[in-house]
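Please look over the sequence and the model before reading on. The report after them is meant for a reader who is new to this structure.

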Amino acid sequence: MKNRQSHVQLPQPNVTVVEIWDPATAEEDIEVIHQNLVQLRSEPLRARRVVVRLESAMLIYQSTNLAVRARTKLMPGLRAVVAFGPQALGTANGLHIHPDLMLMAARDAECQFVVDPGYESVTIALPPKNFEVYLVNRQLEDPLQPGRAVDLLVCDVTKAREFFSFGKRLAVTAARQPYLFDGRKEVCAATEIELVELLLEAIGSSENYATTRSDKTHQTYSHVIEMAENWALAQTDGLFHLADLCRAIGVSERNLEYAFKEILSMSPVAFLRRARLHRVRQALRGGTRGTTTVSAEALKWGFWHFGDFSKAYKNCFGESPSDTLRNGSSNLDRASEKGRRPRFS
């Protein structure tokens with residue numbers, strides 16, 4: 001008679017801390033959002049994410065030392081509100097963000113963030129029904145305007161910063177002392193109440209963001225960049241020309257240049273080349289010498305001059321493409337030890 005092995009599912013930790021040194025790992029270890037990251041400068045990346053799971057809500061603290069483009073999608077069944085740190089500068093879907101603004105996101109919302117070095121944010125994500133109950137109990141209307149998946153709120157700067165500061169202190173404390181939250185339902189429930197109260201205070205002081213003509217232009221630019229990147233990354237048969245891209249997405253080369261300069265401070269060629277470098281890295285990290293080669297992946301993504309490709313790759317990621325492939329299936333373990341350094345309560 002065969003022995004049956006029972007599989008015991010371990011409880012999810014209340015606190016997860018991830019140090020992100022590799023943009024290819026940005027979407028790992030987080031069940032709240034899907035995030036695709038492109039670092040915009042060839043310098044060592046030092047980004048951080050702390051997730052604190054409370055009673056029904058989750059708090060996510062994020063920071064980065066470099067300018068990055070982060071395409072973020074909220075997972076189904078959640079609403080989210082984002083508060084920005086005192087040094088946070090950048091755009092969200094083309095709209096400029098700063099500390100006295102808060103971002104509201106509906107279920108399944110997608111947002112393209114382009115942020116400067118020193119960016120910090122605190123996000124609270126919770127089930128929509130819970131959010132509605134909180135609003136009703138405080139006699140507040142849902143600030144998200146009908147038909148919008150993402151919206152900005154202009155808040156009293158003191159209240160917005162109080163919410164951010166409390167959220168950051170919570171993340172810092174949880175990262176240093178995860179045992180304070182792990183398995184302690186009463187502590188998590190009480191902390192959530194305090195966090196939500198500060199959120200509602202900020203929402204109660206808010207008014208909808210009035211978009212200007214310039215804002216609408218920047219929103220269009222952000223959409224153009226998204227379309228351009230989607231098209232460029234769908235072309236996996238080597239090089240392409242900007243004229244082909246412009247024809248495919250229906251914009252002039254001049255407007256394409258304006259869009260990338262205004263939102264990313266880069267030319268289309270420079271950014272799309274960098275985005276393709278990130279795709280090569282993802283492929284090499286997930287491959288082995290038996291399944292792919294550096295030259296095959298480089299050619300697939302349009303890098304024909306291998307010397308220039310290797311130099312650009314190493315400048316961006318701190319190692320040669322052959323080193324990335326050589327690590328093969330051990331890349332995840334290596335990233336944990338050297339790059340992401342996840343710590344669990």
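The text below takes up a strand, a pair of helices and a group of aromatic rings.

This is a predicted model, in which local features need pLDDT of at least 70 and side-chain atom pairs count only at pLDDT 80 or more, while totals for chains, interfaces and linings use all residues. Residues are numbered from 1 along each chain as its sequence is written, and side-chain values use heavy atoms, with hydrogens and water left out.

Six of the six residues of strand S1 (residues 15-20) are buried, so S1 is largely enclosed by the rest of the structure; buried means under 20% relative accessible area, with a 1.4 Å probe and protein chains only. Strands here are DSSP runs (E, at least two residues), and helices are runs of H or I with at least four. S1 runs antiparallel to strand S3 (residues 47-53), to which six bridges join it, and Val18 stands opposite Arg49 in S3.

| Face of S1 | Buried residues |
|---|---|
| One side | Val15, Val17, Glu19 |

Elsewhere, Phe309 and Tyr313 both lie in helix H9, four residues apart, which is about one turn of the helix, and both are buried. A search of the whole structure finds six aromatic pairs, where rings of Phe, Tyr and Trp (its six-membered ring) pair if their centres lie within 6.5 Å. The ring centres of Phe309 and Tyr313 are 5.9 Å apart with planes at 55°, so this pair is tilted, a class between stacked (under 30 degrees) and edge-to-face (over 60). Phe303, Phe309, Tyr313 and Phe317 form one aromatic cluster.

How values were computed. Buried < 20%, exposed > 50% of the residue type's maximum accessible area, 1.4 Å probe, protein only. Pairing = 2+ DSSP bridges.
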